[in-house]
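These are my notebook entries on a two-chain model. I set down what I looked up, entry by entry.

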Amino acid sequence: VAITRDALAGPGFLAVASDPRAEGRARPEDVEREKVATLYAEHGARIHRFLCDLLRDRALAADATQETFVRALRHVDAGRDGGLVAPWLFGIARNVSLEMRRARSRAGRVIVPSEGASGAEDGVAAGSPERDLLGREAVRIVGAALARLSEERRTMLLLRLDHGLAYEEIAATMGISLAKVKVEIFRARAVLRATLAEYREEERGAR
Amino acid sequence: MNTCARVEEVEDMVLGVLGGAARRAIEEHLASCAECREARADFEEERALFAVRPPRASTRVRSAPRSRPRSPPAARPAAG
């Protein structure tokens with residue numbers, strides 16, 4: 001199925017479910033699709049945000065979001081009785097982002113988290129001028145801090161502070177021990193605080 | 001790292017994932033624990049940095065289809 005990136009603005013790629021030829025018959029694929037459509041409606045936005053932060057490339061993140069839900073569709077019933085949905089989906093998303101990074105570096109194009117060079121202008125449409133200013137500053141500071149972290153620490157910091165996952169959920173997402181998650185997030189937060197302090201120092205100097 | 005064992009609960013409170021009773025309990029604890037109050041201030045500040053960012057602010061729009069008219073995303077055919 002050919003899918004445009006724009007289709008991800010909504011669950012467009014899931015709309016294939018209404019194939020006119022299948023009218024009157026409840027095909028198993030449709031039932032599956034229905035499940036993923038529900039999943040997408042609930043988690044699509046946060047998974048896309050997460051992938052934007054990991055890949056720092058919106059077009060790539062849109063592809064990765066699509067791939068995440070395609071994989072989720074494949075495994076929606078497999079071995080997941082009553083398990084937590086968020087760690088499962090974030091885990092798939094992270095694997096997809098790792099694969100995309102690898103594919104890119106093989107193609108000679110390494111994705112480097114670009115410090116400061118973020119699309120703060122994206123958010124200008126919404127909110128008050130004050131909030132926009134705060135938002136732009138936050139985008140810069142967070143972007144700079146994330147650029148300093150290893151992929152693993154960056155992922156964990158995002159899961160905790162941006163997405164509010166519990167430490168246990170993060171351990172499940174990453175497939176590592178709870179103790180290690182706590183230590184790594186502690187270190188990542190120290191980097192975030194140092195970045196924030198530097199930013200404030202600069203601001204003071206500029207005045 | 002932290003010495004008070006309840007710092008994690010404080011973080012959960014900031015994240016808004018604590019239920020009524022747990023929330024009241026940790027608020028009570030906060031009144032008597034300076035370390036947790038400091039942890040709360042730090043965590044709130046860090047959380048705000050992430051939360052205040054626009055929904056998709058972290059990447060540059062590389063291929064913004066500005067010239068194309070906007071159509072409802074779900075109805076758009078896969079022509080791209």
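What percentage of the 80 residues in chain B do buried residues make up? I find 29%. I note at the outset that the model is a predicted one.

**Entry: chain B overall.** Along the sequence, I read the pattern as α-α-α. I then turned to the contacts in chain B with a separation of 6 or more, and I find that 53% of them join residues 24 or more positions apart.

**Entry: α7 of chain A against α3 of chain B.** I examined helix α7 (residues 178–206) of chain A and helix α3 (residues 34–51) of chain B, whose axes come within 11 Å and cross at roughly 75 degrees. Angles of 65 to 115 degrees count as roughly perpendicular, and I therefore record α7(A) and α3(B) as roughly perpendicular to each other. On the α7(A) side I list Arg189(A), Leu192(A), Arg193(A), Leu196(A) and Arg200(A). These meet Asp42(B), Phe43(B), Glu45(B), Glu46(B), Leu49(B) and Phe50(B) in α3(B). Sorted by class, the contact holds 5 nonpolar and 6 charged residues, with no polar ones.

**Entry: helix α4 of chain A.** I checked the length of α4 (residues 129–148) of chain A. Its 20 residues, at 1.5 Å a residue, should span 28 Å, and I find the end C-alpha atoms 29 Å apart, so the two values agree. I next listed the buried residues of α4(A), among them Asp132(A), Gly135(A), Val139(A), Ile141(A) and Leu146(A). Which elements cover the buried residues of α4(A)? I find that the cover includes α1, α5 and α7 of chain A, together with α3 of chain B.

**Entry: Asp53(A).** I located Asp53(A) in helix α1 (residues 28–55) of chain A.

**Entry: Glu152(A).** I located Glu152(A) in helix α5 (residues 151–162) of chain A. With a relative accessible area of 24%, Glu152(A) is partly exposed. Setting aside neighbours within four places in sequence, I find Glu152(A) in contact with Arg94(A), Met174(A), Ile176(A) and Lys180(A). I also took the separation from Glu34(A), 118 residues away along the chain, and the C-alpha atoms of Glu152(A) and Glu34(A) are 33 Å apart.

Definitions and conventions. Residues numbered from 1 in each chain as written. Chains lettered and ligands numbered in written order. Predicted model: local features only at pLDDT ≥ 70, side-chain atom pairs only at ≥ 80, totals over all residues. Heavy atoms only, no water. Helix = DSSP H or I, 4+ residues; strand = E, 2+ residues; numbered from the N terminus. Buried < 20%, exposed > 50% of the residue type's maximum accessible area, 1.4 Å probe, protein only. Contact = heavy atoms within 4.5 Å. Axes fitted to C-alpha atoms, helices over the stretch in contact; angles between N-to-C directions. Parallel < 35°, antiparallel > 145°, perpendicular 65-115°, else oblique. Nonpolar A, V, L, I, M, F, W, Y, C, P; charged D, E, K, R; others polar. Expected span 1.5 Å × (residues − 1).
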